[in-house]
Amino acid sequence: MLEISSRTYKRWTQEGEVKADGRPNAERPEPANKLTPEEKHQVLEICNEEAWQSLPPSQIVPALADEGVYIASESSFYRILKEAGQLHHRGRAQAPKKVSKPKSYKATAPNQVWSWDITFLATAIVGIFFRLYLIMDIYSRARSLAGRSMKTRRRTMLPC
């Protein structure tokens, strides 16, 4: 009915009552391969050296392995940097810049807002493209194009 073994049921109901789950309070030994504070400090020193300071651990660890040096795994490098608050943009790496959305225009009548585009169209010959230049009125874009031209080469001055 409960889909547990009779041994598990007996263990849970020792002394006539159901015992509380002891797993959250269980004493667990430290892992034998846990990094020492000295090893963690060594990881931080390496990550802050000028040669490595702008690289992520995913590039540092393989490069160190190529030199025959192994201190910790890539995930340990990430964990140690996170604990030290250095996981964000170390060295010369710059923080991402907020880019504002482009201005939006609304046309309420023809000839108020115009848009243009250059599209490269492939030909049957590899490496040769047609350039399609389009100019269109935003208000009536579904009905017609204001101008179009197709060229095989770009020129500095395009005839309208």
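How exposed is lysine 34, in terms of relative accessible area? Lysine 34 is partly exposed, with a relative accessible area of 42%, where buried means under 20% relative accessible area, exposed over 50%, and partly exposed in between (1.4 Å probe, protein chains only). The structure is a predicted model, in which local features need pLDDT of at least 70 and side-chain atom pairs count only at pLDDT 80 or more, whereas totals for chains, interfaces and linings use all residues. Residues are numbered from 1 along each chain as its sequence is written, and side-chain values use heavy atoms, with hydrogens and water left out.

The chain contains 4 helices and 3 strands, the helices (H or I, at least four residues) and strands (E, at least two) being DSSP runs numbered from the N terminus. Read from the N terminus on, these elements follow the order α-α-α-α-β-β-β. Of the 160 residues in the chain, 16% are buried. Among the contacts with a separation of 6 or more, 34% are accounted for by residues 24 or more positions apart, a contact meaning heavy atoms within 4.5 Å.

A search of the whole structure finds 2 salt bridges, each defined as a side-chain nitrogen of Lys or Arg within 4 Å of a carboxyl oxygen of Asp or Glu. In one of them, lysine 34 is paired with glutamate 30, and the closest N and O atoms are 3.5 Å apart; glutamate 30 counts as exposed, at 60% relative accessibility. In the other, lysine 40 is paired with glutamate 83, with 3.9 Å between the closest N and O atoms. Lysine 40 lies in helix H2 (residues 37–48) and glutamate 83 in helix H4 (residues 74–83), so this pair ties together parts that are 43 residues apart in sequence. At 27% relative accessibility lysine 40 counts as partly exposed, whereas glutamate 83, at 54%, counts as exposed.

Helices H2 and H4 also pack against each other, at an angle of about 85° and with their axes 10 Å apart; axes are lines fitted to C-alpha atoms, for helices over the stretch in contact, and angles run from 0 to 180 degrees between N-to-C directions. H2 and H4 are therefore roughly perpendicular to each other, given that angles under 35 degrees count as roughly parallel, over 145 as roughly antiparallel, 65 to 115 as roughly perpendicular and the rest as oblique. In this packing, Lys40, Val43, Leu44 and Cys47 of H2 meet Phe77, Ile80, Leu81 and Glu83 of H4. By class, the contact of H2 with H4 has 6 nonpolar, no polar and 2 charged residues, where Ala, Val, Leu, Ile, Met, Phe, Trp, Tyr, Cys and Pro count as nonpolar, Asp, Glu, Lys and Arg as charged, and the others, Gly among them, as polar.

The axes of helix H3 (residues 57–66) and H4 come within 9 Å and cross at roughly 130°, and H3 and H4 are therefore oblique to each other. The residues making this contact are Pro57, Ser58, Ile60, Val61 and Leu64 on H3, together with Glu74, Phe77, Tyr78 and Leu81 on H4. The contact of H3 with H4 comprises 7 nonpolar, 1 polar and 1 charged residues.

Beyond the helices, asparagine 111 is found in the loop between H4 and strand E1 (114–122). Asparagine 111 has a positive phi of about 65° although it is not a glycine, and at 56% relative accessibility it counts as exposed. Most residues other than glycine have a negative phi.
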